[in-house]
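Work through the exercises below with the sequence and the structure at hand. Each task is followed by its solution.

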Amino acid sequence: MHTLLFDSMDLGLAAKYRRSDIHAVIFMLCLGRQRRGIYHGALITYYKGKPKLSKLGNCSLGMFIFINGENSSDLIESIAVHEYGHSIQSLITGPLYLAVIGLPSLIWARRFALKRKTGESCDKYTSRYPERQANTLGERTTGGKPVRW
């Protein structure tokens with residue numbers, strides 16, 4: 001199934017994204033030496049040693065996934081499943097992705113990190129709809145185990 005998604009995405013890639021979007025992705029991919037690969041049709045980049053980038057954590061922009069490569073290999077696999085779920089959400093919601101999924105996910109991730117840093121009690125990271133749905137979609141599509149924070 002993931003091959004079909006990749007093929008249909010590949011055919012219209014240049015037509016779907018503005019030139020500035022493509023330049024932004026190319027810039028992110030060229031930020032230094034990273035390990036890259038294809039994960040179920042998505043381009044995945046593992047970055048290391050960039051303090052400013054590591055504050056961003058992990059993210060998915062369409063079929064481009066960025067993961068902090070300094071995590072353990074088991075955690076990286078779980079994060080990849082979760083982030084791939086966000087890629088599926090992007091395919092489903094199309095141009096509404098940033099407003100419907102991206103922004104709520106970013107706000108929750110920042111709030112969750114702040115609460116953990118200050119020691120406040122908080123809900124599980126995957127208790128909010130964008131994260132819970134990303135886990136479900138990623139698990140169903142890849143067959144892997146997503147994060148359970």
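This is a predicted model: local features need pLDDT of at least 70, side-chain atom pairs count only at pLDDT 80 or more; totals for chains, interfaces and linings use all residues.

**Exercise 1.** List the helices and strands in sequence order.

Solution. Start with the count: the protein has seven helices and four strands. Along the sequence they follow the pattern α-α-α-β-β-α-β-β-α-α-α.

**Exercise 2.** Compare the reach of helix 6 with the expected value.

Solution. Helix 6 covers residues 97-118, which is 22 residues. At 1.5 Å a residue, 32 Å is expected. From first C-alpha to last, helix 6 reaches 30 Å, close to that value. Glycine 119 follows helix 6, and its phi is positive, near 85 degrees.

**Exercise 3.** Find the buried residues of helix 6 and what they pack against.

Solution. The buried residues are Tyr97, Ile101, Gly102, Ser105, Trp108, Phe112 and Lys115. An α-helix has 3.6 residues a turn, so residues three or four places apart point the same way. The partners of the buried residues of helix 6 are strand 3 (59-61), helix 5 (73-93) and helix 7 (129-142).

**Exercise 4.** Determine how helix 5 and helix 6 are oriented to each other.

Solution. Their axes lie 9 Å apart and the packing angle is about 155 degrees. Angles over 145 degrees count as roughly antiparallel, and helix 5 and helix 6 are therefore roughly antiparallel. In the contact, His86, Gln89, Ser90 and Thr93 of helix 5 meet Tyr97, Ile101 and Ser105 of helix 6. By class, this contact has two nonpolar, five polar and no charged residues.

Note on methods
Residues are numbered from 1 along each chain as its sequence is written. Side-chain values use heavy atoms; hydrogens and water are left out. Helices (H or I, at least four residues) and strands (E, at least two) are DSSP runs, numbered from the N terminus. The expected span of a helix is 1.5 Å times one less than its number of residues. Buried means under 20% relative accessible area, exposed over 50%, partly exposed in between (1.4 Å probe, protein chains only). Contact means heavy atoms within 4.5 Å. Axes are lines fitted to C-alpha atoms, for helices over the stretch in contact, and angles run from 0 to 180 degrees between N-to-C directions. Angles under 35 degrees count as roughly parallel, over 145 as roughly antiparallel, 65 to 115 as roughly perpendicular and the rest as oblique. Ala, Val, Leu, Ile, Met, Phe, Trp, Tyr, Cys and Pro count as nonpolar, Asp, Glu, Lys and Arg as charged, and the others, Gly among them, as polar.
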